[in-house]
Amino acid sequence: MIDFPAGLSALTDRYDVVLCDVWGVIHNGVRNFPEACEALERFNRDHGQVVLISNAPRPSQDVLSQLDGLKVQREAWSAFVTSGDATRSLLTPRAGEKVWKIGPERDAPLWAGLDLTLAGCDDADFILCSGLYDDETETPEDYRDRLKVAADRGLLFICANPDRVVQRGDKLIFCAGALADLYEELGGKVVMAGKPFAAIYDLALAEAERLKGGPVDRSRVLCIGDGIITDVLGAENQKLACLFVAKGIHGDKALGPDGLLAPEAVAKLLAAESVGATHAIADLVW
């Protein structure tokens, strides 16, 4: 049975570590969500530790400027880990190899300083995907022919962002996870670095232990996120509690005719992906 709290304040006696998603929960790429930021700030200040856990395909240090630009206050969190951090740990052992890099130039910090040579689908040793080259105009279908060549060659596809889509302002854009899905459809092998896979949770929990100065009781860890197949599934795989932010990328699908969160609609969204959440809320608030 899913619990529907009025806000994060209703859960402070149950949890002392929060692993919180970023895009879709505390901002939409254009503006921050003030009530969500305030909720995290109050938890982080008075009740425990907040670790932001993002599928951003760049090292966490290189994403801080985006959060600052969106005026997400630093007091809302104590540590930050990204899919980019987890991806670099997968790239380091491949030093000296040729990589077909798929993604925008803004993701260059992901491979900066690593001994990798850029190549194309015909002569690369593996693929690194952080997104589409132009996510404003392209779709995964624009990559089908090149990905088929790479899949036939047996190249490993390292996906730096398992998200399929993300909200940017009022529109949804394709992410690296959508290309990973297509590559698997074409018979290729994919390795994922971020949520819902274990590597990024290992990094986040290690940060929580550092902040606490000792072991973390996993029964008192709460994951917060709006992505069912990333945030909710990741929490379930890790056997951690989850607060599902039901609007997020799902918009009005979780709302009833009165505009309020509809429990039956939330249950239907989760059941469609065969996952469950401990708690659900429309938007993150205190």
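Start with the aromatic rings: the count comes to 3 aromatic pairs. Rings of Phe, Tyr and Trp (its six-membered ring) pair if their centres lie within 6.5 Å; planes under 30 degrees apart count as stacked, over 60 as edge-to-face and the rest as tilted.

Before going on, note that this is a predicted model: local features need pLDDT of at least 70, side-chain atom pairs count only at pLDDT 80 or more, and totals for chains, interfaces and linings use all residues. Residues are numbered from 1 along each chain as its sequence is written, and side-chain values use heavy atoms, with hydrogens and water left out.

**Arg94 and Phe126.** Select both. The charged end of Arg94 sits over the ring of Phe126, 4.3 Å from its centre. For this, CZ of Arg or NZ of Lys must be within 6 Å of the ring centre and within 35 degrees of the ring normal.

**Ser60.** Go to the loop between strand 2 (49-54) and helix 2 (64-69). Is Ser60 buried or exposed? Ser60 counts as buried because its relative accessibility is 11%. (Buried means under 20% relative accessible area, with a 1.4 Å probe and protein chains only.) Now show Phe80: its backbone oxygen lies 3.5 Å from a polar atom of the Ser60 side chain. Beyond neighbours within four places in sequence, Ser60 is in contact (heavy atoms within 4.5 Å) with Phe80, Val81, Thr82 and Asp85.

**Helix 7.** Select residues 228-237. Buried here are Ile228, Thr230, Asp231, Val232, Gly234 and Ala235. They pack against helix 6 (198-212), strand 11 (221-225), strand 12 (241-245) and helix 8 (263-272). Just after helix 7, Lys239 takes a positive phi of about 60°.

**The cavity.** There is 1 cavity of 30 Å³ or more. The largest cavity holds about 40 Å³ of space. Asp231 is among its lining residues, as are Leu19, Ile53 and Tyr201. On a 1 Å grid over the protein atoms alone, a cavity is a set of points where a 1.4 Å probe fits but cannot get out; lining residues have an atom within 4 Å of a point.

**The pocket.** Finish at the largest pocket, with a volume of about 740 Å³. A pocket is an open set with protein on both sides within 12 Å along at least five of seven lines. Its lining has 44 residues; Asn161, Asp163, Val165, Val166 and Cys175 lie nearest the centre. Which element supplies the largest share of the lining? Helix 7 does, with 4 residues.

Methods: Helices (H or I, at least four residues) and strands (E, at least two) are DSSP runs, numbered from the N terminus. Buried means under 20% relative accessible area, exposed over 50%, partly exposed in between (1.4 Å probe, protein chains only). A polar contact is a pair of N or O atoms within 3.5 Å; within protein, one must be able to donate a hydrogen and the other to accept it, and residues adjacent in sequence count only if both atoms are side-chain atoms. Grid points are joined across faces, edges and corners, and a volume is the space filled by probe spheres set on the points.
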